Amino acid sequence: MAIIFDIKRFAVHDGPGIRTTVFMKGCPLRCAWCHNPESISSAICEVPKTVRIGDKTFTENETVGREMSVDELMKELQKEKVFMNESGGGVTFSGGEPMLQHEFLNNSLDACKAAGMHTAVDTSGYVRWKLLEETARRTDLFLYDLKLMDDKKHQKYTGASNKIILENLPKLLETGKKVRIRIPFVPEVTFTKENIQQTLQFLSGLPQQPEEIDLLPYHNTASHKYERFGMENIFEGKKSLSKKNLENVQLLFEKAGFNVKIGG
Ligand code: SF4
């Protein structure tokens, strides 16, 4: 069994084609800009939800997260199989950090493979190599997040060191597995000249090229979630970035020989 907090159908930014994205609860990191703050705690929780009908406001409790077995999940995934097949899509496991529930993840990946579904795992890379290696044998594609190259800043903004993340990536590429790198660009944090240059330098030193690099512009659409979940939002009022803001970064990475896309 695993705790899942959402299943998004017809996702087009989580890997190739039309996909069903499974959001698993629990994350070892605490990124200050997290768009899914409800995913960080591993526990099923109740949060107040306000609904307005006409001039009346109603507040009720909503449960975030539910337990699911692999069989139950597969029944859900089968509903979209025709769209996956037609579009060259598949299933993406995201979160949170899906590797935290690695046993369920691996069993689900095996079940997807048996059902002929393409699979992707969206990970922070903050996981023991042995576990990542086991999952790599079962998945077609990794979406691998890179945030900050400076370890002190990484600790400050995500709550953990980047050491294991930077060590796992070259090992993962050496397995021959397809990897797309995802870089969230947050103004004054990851979107700085220093971090862009250090990231480029790190990527240029990898043993194999990633399949693609996705530059993800920060957007502040998750602000209401922080309010709702009673969590501190240190980026309250910070402006979103547009695609245009990242065009120069795209050019820089392309000049270095990478296949780059803005957006997921
Ligand atoms: S790794 Fe992803 S899910 Fe976890 S806290 Fe960071 S942004 Fe949120």
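This is a predicted model: local features need pLDDT of at least 70, side-chain atom pairs count only at pLDDT 80 or more; totals for chains, interfaces and linings use all residues.
How many nonpolar, polar and charged residues does the lining of the largest pocket have? By class, that lining has 18 nonpolar, 15 polar and 14 charged residues. Here, Ala, Val, Leu, Ile, Met, Phe, Trp, Tyr, Cys and Pro count as nonpolar, Asp, Glu, Lys and Arg as charged, and the others, Gly among them, as polar.

Residues are numbered from 1 along each chain as its sequence is written, and side-chain values use heavy atoms, with hydrogens and water left out.

View 1. The largest pocket holds about 1,300 Å³ of space, a volume being the space filled by probe spheres set on grid points that are joined across faces, edges and corners. A pocket is an open set of points, on a 1 Å grid over the protein atoms alone, where a 1.4 Å probe fits, with protein on both sides within 12 Å along at least five of seven lines; lining residues have an atom within 4 Å of a point. Of the 47 lining residues, Phe-23, His-35, Asn-36, Gly-95 and Arg-182 lie nearest the centre of the pocket. Elements that each supply at least two lining residues include strand E2 (19-24), strand E4 (56-64) and strand E7 (118-123). Helices (H or I, at least four residues) and strands (E, at least two) are DSSP runs, numbered from the N terminus.

**View 2. The ligand and its shell.** The ligand sits in the largest pocket, meaning that more than half of its atoms lie within 2 Å of the grid points. Around the ligand are Cys-27, Leu-29, Cys-31, Cys-34, Ser-39, Ile-40, Gly-96, Ser-124 and Lys-147; a residue is near a molecule if one of its heavy atoms lies within 4 Å of it. This shell divides into five nonpolar, three polar and one charged residue. Gly-96, one of the shell residues, is joined to Gly-95 by a cis peptide bond with omega about 5 degrees. Look for Gly-96 in the loop between strand E6 (90-94) and helix H3 (102-114).

**View 3. Phe-10 meets Phe-83.** The structure holds four aromatic pairs. The rings of Phe-10 and Phe-83 have centres 5.0 Å apart and planes at 80 degrees, so this pair is edge-to-face. Rings of Phe, Tyr and Trp (its six-membered ring) pair if their centres lie within 6.5 Å; planes under 30 degrees apart count as stacked, over 60 as edge-to-face and the rest as tilted. Phe-10 belongs to strand E1 (residues 2-11) and Phe-83 to helix H2 (residues 81-87), 73 residues apart, linking distant parts of the chain. Phe-10 is partly exposed, with a relative accessible area of 45%, and Phe-83 is partly exposed at 37%. Buried means under 20% relative accessible area, exposed over 50%, partly exposed in between (1.4 Å probe, protein chains only). Phe-10 also has a positive phi of about 55 degrees although it is not a glycine.

View 4. Tyr-218 is buried, and so is Phe-235.

**View 5. Glu-188 in its loop.** Glu-188 is found between strand E9 (178-185) and helix H7 (193-204), and is exposed, with a relative accessible area of 65%.
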